[in-house]
Amino acid sequence: MPHDHHDHLSPSGHPYRSDDDHPLTYWQTMEIAVRELLIEKGVTTASDIAKQIDAMDARNPAMGAQVVARYWTDPAFAAALLADGAQATREMGFDIGPMKLIALPNAPDLHNIVVCTLCSCYPRNLLGLPPDWYKSRAYRSRTVREPRKVLAEFGVTLADGTEVRVHDSTADMRYIVIPNRPAGTEGWDAEALAALVTRDSMIGTGIARTP
Amino acid sequence: MGGDAAGPVPTDQHDFALWEKRVDALMVLCSGKGLFTVDGLRRVLEDMGENSFETMTYYERWIASVNQNLIEAGAYTTAELAAKMSQIKARGDTYGEASDAAR
């Protein structure tokens with residue numbers, strides 16, 4: 001048993017956040033007020049908000065994993081992704097909006113890692129919402145200062161000769177790391193390969209699973 | 001804060017509450033309608049100062065910034081916001097009651 005509070009865990013294994021049955025906070029009151037004002041003013045509708053939440057809930061790292069697996073197996077796509085990531089992923093049905101998408105391929109002697117020091121910019125349309133740690137002060141502060149130590153905390157230990165490149169996201173630009181294709185996957189199709197691509201491997205805090 | 005010293009990266013993860021998802025949805029919908037940009041969101045977040053990163057949660061900072069940007073864009077006035085917030089508080093003591101009651 002992982003810990004004692006299993007009764008309070010959601011189906012995904014995470015604790016429930018204080019929510020509907022806790023005292024109303026100032027900021028929750030503001031959220032309700034802003035939402036209702038926008039609906040009353042005709043800026044948006046309750047149904048549009050609900051649809052937006054559904055769309056967001058539906059996004060998950062499996063989408064990014066499909067992009068990585070295709071990069072590994074389709075050289076024409078790989079070239080297109082490097083040339084214009086937003087357009088190449090849009091053609092796969094993943095709309096990343098008006099932002100630029102930069103794919104960062106790792107190499108045997110090169111490891112990329114992505115951070116947003118200012119806030120939490122993240123390729124959410126390919127990976128879903130960012131994990132809490134991505135938004136944490138510690139990750140944002142330290143990744144640009146001591147990336148190898150941060151990587152070690154995530155269980156990624158790099159050889160001394162490996163170059164580490166840290167990429168700081170901006171409001172208009174999103175990054176996705178293309179992890180190295182694991183050894184022993186020669187001849188695998190894209191679907192099988194995608195199962196090896198973890199969320200963290202596309203942020204750079206992990207590497208792809210080995211078969 | 002990039003480059004500042006800090007402790008270990010926290011590994012806790014929580015499921016987003018409904019009100020947090022709604023804040024996120026409002027940000028996406030309003031920026032999609034051209035009411036403000038992600039730069040606008042970040043400008044207000046940066047202006048809040050370091051202390052707010054200690055005292056407010058992530059989506060608390062976001063709703064504060066979304067609200068500020070919407071007032072600047074003329075979507076509603078501070079007086080309308082204040083009236084609406086007191087009306088909501090009168091509905092009940094929990095988010096569930098205040099969010100769903102009387103509508």
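Predicted model: local features only at pLDDT ≥ 70, side-chain atom pairs only at ≥ 80, totals over all residues.
At what angle do helix H1 and helix H4 of chain B pack?

## Meet the two chains

Let's start with chain A, which has ten helices and four strands. Following its sequence, you would read the pattern α-α-α-α-α-β-β-α-α-α-β-β-α-α. Its C-alpha trace spans about 55 × 45 × 35 Å along the principal axes.

Chain B has six helices and zero strands, giving the pattern α-α-α-α-α-α along the sequence. For chain B, the C-alpha trace spans about 50 × 30 × 25 Å along the principal axes.

## Two helices within chain B

Back to the opening question. Helix H1 of chain B, residues 18-32, packs against helix H4 of chain B, residues 58-72, at an angle of about 35 degrees. Their axes are 10 Å apart, and H1(B) passes H4(B) in a left-handed crossing.

Which residues meet here? On the H1(B) side they are Trp19(B), Glu20(B), Val23(B), Asp24(B), Met27(B) and Cys30(B). Facing them from H4(B) are Tyr59(B), Glu60(B), Trp62(B), Ile63(B), Val66(B) and Leu70(B). Sorted by class, this contact has nine nonpolar, no polar and three charged residues.

## A helix of chain A joins in

H4(B) also has a partner in the other chain: the axes of H1(A) and H4(B) come within 10 Å and cross at roughly 40 degrees. This crossing, too, is left-handed.

From H1(A), the contact draws on Trp27(A), Met30(A), Glu31(A), Val34(A) and Leu38(A). H4(B) brings Glu60(B), Ile63(B), Ala64(B), Asn67(B) and Leu70(B). The classes here are seven nonpolar, one polar and two charged residues.

## Where the chains touch

Now for the whole interface. The size of an interface is often given as the accessible area lost when the parts come together. Between chain A and chain B, the buried area is about 5900 Å², with carbon and sulfur atoms giving 63% of that. Each side takes part with 65 residues, 65 from chain A and 65 from chain B.

The count of residue pairs in polar contact between the chains is 15, both residues being at pLDDT 80 or more. On the side of chain A that touches chain B, helix H1 (26-40), helix H2 (46-58), helix H7 (137-142) and helix H8 (147-153) each supply at least two residues. H1(A) gives the most, with 14 residues. By class, this side of chain A divides into 29 nonpolar, 15 polar and 21 charged residues.

## Charged pairs across the interface

Side chains of opposite charge can pair when their charged atoms come close. How many salt bridges does the structure hold over all chains? There are 16, and the count between chain A and chain B is seven.

One salt bridge joins the side chains of Glu80(B) and Lys41(A), at 2.5 Å from N to O. Another is formed by Glu36(A) with Lys84(B), whose closest N and O atoms are 3.3 Å apart. Why does this pair join two chains? Glu36(A) lies in helix H1 of chain A, while Lys84(B) lies in helix H5 (residues 78-89) of chain B, so the bridge links one chain to the other.

Note on methods: Residues numbered from 1 in each chain as written. Chains lettered and ligands numbered in written order. Heavy atoms only, no water. Axes fitted to C-alpha atoms, helices over the stretch in contact; angles between N-to-C directions. Left-handed = near helix turned anticlockwise from the far one by under 90°. Contact = heavy atoms within 4.5 Å. Nonpolar A, V, L, I, M, F, W, Y, C, P; charged D, E, K, R; others polar. Buried area = accessible area lost by both parts, 1.4 Å probe. Salt bridge = Lys/Arg side-chain N within 4 Å of Asp/Glu carboxyl O. Polar contact = N/O pair within 3.5 Å; in protein donor to acceptor, adjacent residues only side chain to side chain.
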